[in-house]
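Here are my notes on the model, point by point. Please read them with the structure open.

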Amino acid sequence: MGSGVKNKHSHHKTGFRLMKLLHQTDPDIIPLSMLLSLLQTAIPYSGFFLFAWIIDCLTQSKYKEALHTAILLIGINLLLGLLADLLSQTLDYKGKASAVSIRYLIREKALALDLETMENAGVQEKINTTEFAMKLYGGIEQVMKCYQNIFTALLSVILSIAMIFILCFRKPESRGLLGAAVSPGMSVLFFAGALGVVILWQRGISKGLAKKQEANRNSHVKAEHQLGYMLSQVFMDYTKGKVIRISDMKGMIMKRYGVWRKITRKVYEEMVTMYKKSDTLSNCASGIFTAFSYLLVFLKVLTGAVSIGSFAKYVGAMTQFNTALSDIAGNNQDIEEICGYMSSFLEFLELENKRETGSIPIEKRLDNVYEIEFRGVSFAYPGSREKILNNISCKIRLKDKMALVGENGAGKSTFIKLLCRLYDPTEGYITLNGVDIRKYDYREYLSLFGIVFQDFKLFAFPIGDNIAASKEWDEEKLFKCLKQAGMKEWVQKKKAGLNTNLYTIQNGGEDISGGEAQKLALARALYKDAPFVILDEPTAALDPLSEYEIYTRFDELVQDKTSIYISHRMSSCRFCDDIMVLRKGEIAERGSHDKLLKQDGIYTNLWKAQAKYYA
Ligand SMILES: Nc1ncnc2c1ncn2[C@@H]1O[C@H](COP(=O)(O)OP(=O)(O)OP(=O)(O)O)[C@@H](O)[C@H]1O
């Protein structure tokens, strides 16, 4: 996966694709934006024509006609202005609503993507960059505004060029040197020359700016990510407050924060200087063009090619033309800047779910006859060549209680991750009832497993949502599972019962102990009522009595399901029918507790070491 924020698409390609997406979320936005542009263009140009007419009337002493035209001018301005305001407000609202829909799209995609892809640093960077572009630069909403401004400016350019050509082709009445200087041919040459200089000038400025923007982008994104992490995960995460205070980490944290803050400050300073410089250069180009235009119109009036009233009209058109060119350049720069970040968003949306390849449905079996086999499975984590599992071949026997044991880092949790298809093997394959698990529908396959991970997670949601993993609960079943996990009475004592919010103590939630949390996670695995129950260190945080209770009722918990159990507490493995000992990613020993003890190998060593400690 790519690192750094590179432009895979040209900025307008990204911009147009963003507009397409925007159109899909709200088909009214683009037509309404175009209508707004028409109104915004009509206001000044109607003014130029009517104002020129008023001046001509006044110079010819047609005061009544001048008054009527002035009233018409005010009326048109008021009406169009009002309509433009209304439309602009509607678009603001619609733009914000669409930005919310697009944020929803990102969140939904992030949850739908397979874990392997989501864990990838490049993918995380894409999400962070997108979030950052939306927060700091206004994201897709701002891109839409820029395109709308460009469209308005283009309309102005077309109208102005038409008017300027009319002006150029107006023949001077007076002959001589001045007349020859503003003849149609010379005028076109004069205007085209001035325009060419301005366009080349603006292009030079834009190119230089784009290069600097690109150079700044990577360090900017990295620094903002770090600051974002520190804000949400360090300063605002009260659960980390204990360790920060006890270990007196404030100095170290503030130093780290200072380093990243310095980098962002430097980036912002550079950006401001860069924009100031380009603005000054643009203003110079603009000034030169204005001087040329005024001179041309002035000479046309002087030579009698156009009336005094027309002076106002053509000067207005020239000024508008100049402003439109600056608007196009400015908005183009903004699009380039935002799309530089937003291209990450499109790349994120394009990511394919690696797990959603199979389509075979899982056979629904009331007798839970599901048999899994690892066939020559090896695995290295993405981006690493180290084999964490090496040529594993084993059957998980039906309805067995199987234990996985081994030293830290032996590959036990990785074995479970492969079993649940959080990752796929790099070599070999895994079968369910003889069929490669990659061929099954992924969601259906996942429904076979109820798991308590070592790093189980509960969310700051109501207890019921946490356990049922849904907004709809079966209350009777919930309490049955809570009872099995030893938490029924604990929940019943809560005023809000199953509706008690976890963790968010600021909002009336409950902070719970590590052991209580682990029991709730166990209840969640049981509620799923899946044919496989996998428990990775499920009692690590439990007190001895709770642990004892779980083990003595283990048969009742897993019933006729197949269970896989990982623990460093060797005594707990005695209850299992089949014990598999992993060592450096390979199956070193396998058998019942008694059989393995007789072998006097790794299992015996682990067992004896712990027995001595607890003796
Ligand atoms: N997402 C990952 N990316 C890269 N390496 C990983 C990842 N997860 C685990 N590992 C590495 O894989 C190896 C095996 O880890 P695993 O968690 O499977 O071991 P374990 O036997 O469950 O260990 P423990 O008993 O400490 O829980 C370790 O060296 C670990 O650093």
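1. Ligand shell. Helix α12 (residues 412–419) is the top contributor to the shell around the ligand, giving three residues. Helices here are DSSP runs of H or I with at least four residues, strands are runs of E with at least two, and both are numbered from the N terminus. The shell has 13 residues, and Y381, N408, K412, S413 and T414 come nearest to the ligand. A residue is near a molecule or strand if its C-beta atom, placed from the backbone, lies within 6 Å of it. By type, the shell splits into three nonpolar, eight polar and two charged residues. Nonpolar covers Ala, Val, Leu, Ile, Met, Phe, Trp, Tyr, Cys and Pro; charged covers Asp, Glu, Lys and Arg; the others, Gly among them, are polar.

2. Ground rules. This is a predicted model, in which local features need pLDDT of at least 70 and side-chain atom pairs count only at pLDDT 80 or more, while totals for chains, interfaces and linings use all residues. Residues are numbered from 1 along each chain as its sequence is written.

3. Domains. The assignment gives domain 1 (11–221 + 285–350) and domain 2 (372–614). These bounds come from an automatic or database domain assignment. The centres of domain 1 and domain 2, taken over C-alpha atoms, are 61 Å apart.

4. Record annotations. An unreviewed UniProt entry assigns "domain: ABC transmembrane type-1" to residues 32–337. Over residues 32–337 the chain is 91% helix and 0% strand, with 25 Å between the end C-alpha atoms. The unreviewed entry also lists "transmembrane region" at residues 29–54, 66–84, 150–169 and 176–201. Residues 66–84 are 100% helix and 0% strand, and their end C-alpha atoms lie 26 Å apart. Residues 150–169 are likewise 100% helix and 0% strand, with an end separation of 28 Å between C-alpha atoms. UniProt positions follow the numbering used here, feature names are shortened, and annotations may be inferred rather than shown by experiment.

5. Cores. The largest nonpolar core has 58 residues, of which A403, L404, I467, C481, A485, A523 and I579 touch the most other members. Helix α17 supplies the largest share of this core, seven residues. Apart from it lies another core, of 51 residues, including I29, L91, V221 and F289. A nonpolar core is a set of buried Ala, Val, Leu, Ile, Met, Phe, Trp, Tyr and Cys residues joined through C-beta atoms within 7 Å. Buried means 20 or more other C-beta atoms within 10 Å of the residue's own, exposed means 12 or fewer, and partly exposed is in between; C-beta atoms are placed from the backbone.

6. Two alanines to inspect. A523 touches I467, C481, L482, A485 and M487, leaving out residues up to four places away in sequence. Contact means C-beta atoms, placed from the backbone, within 7 Å. A525 lies in helix α17 (residues 514–527). Is A525 buried or exposed? A525 counts as buried because it has 23 C-beta neighbours inside 10 Å.

7. Backbone check. Which phi values deserve a look? N391, not a glycine, has a positive phi of about 50°. N391 sits in strand β2 (residues 389–396). K584, also not a glycine, has a positive phi of about 45°. K584 lies in the loop between β9 (578–583) and β10 (586–591).
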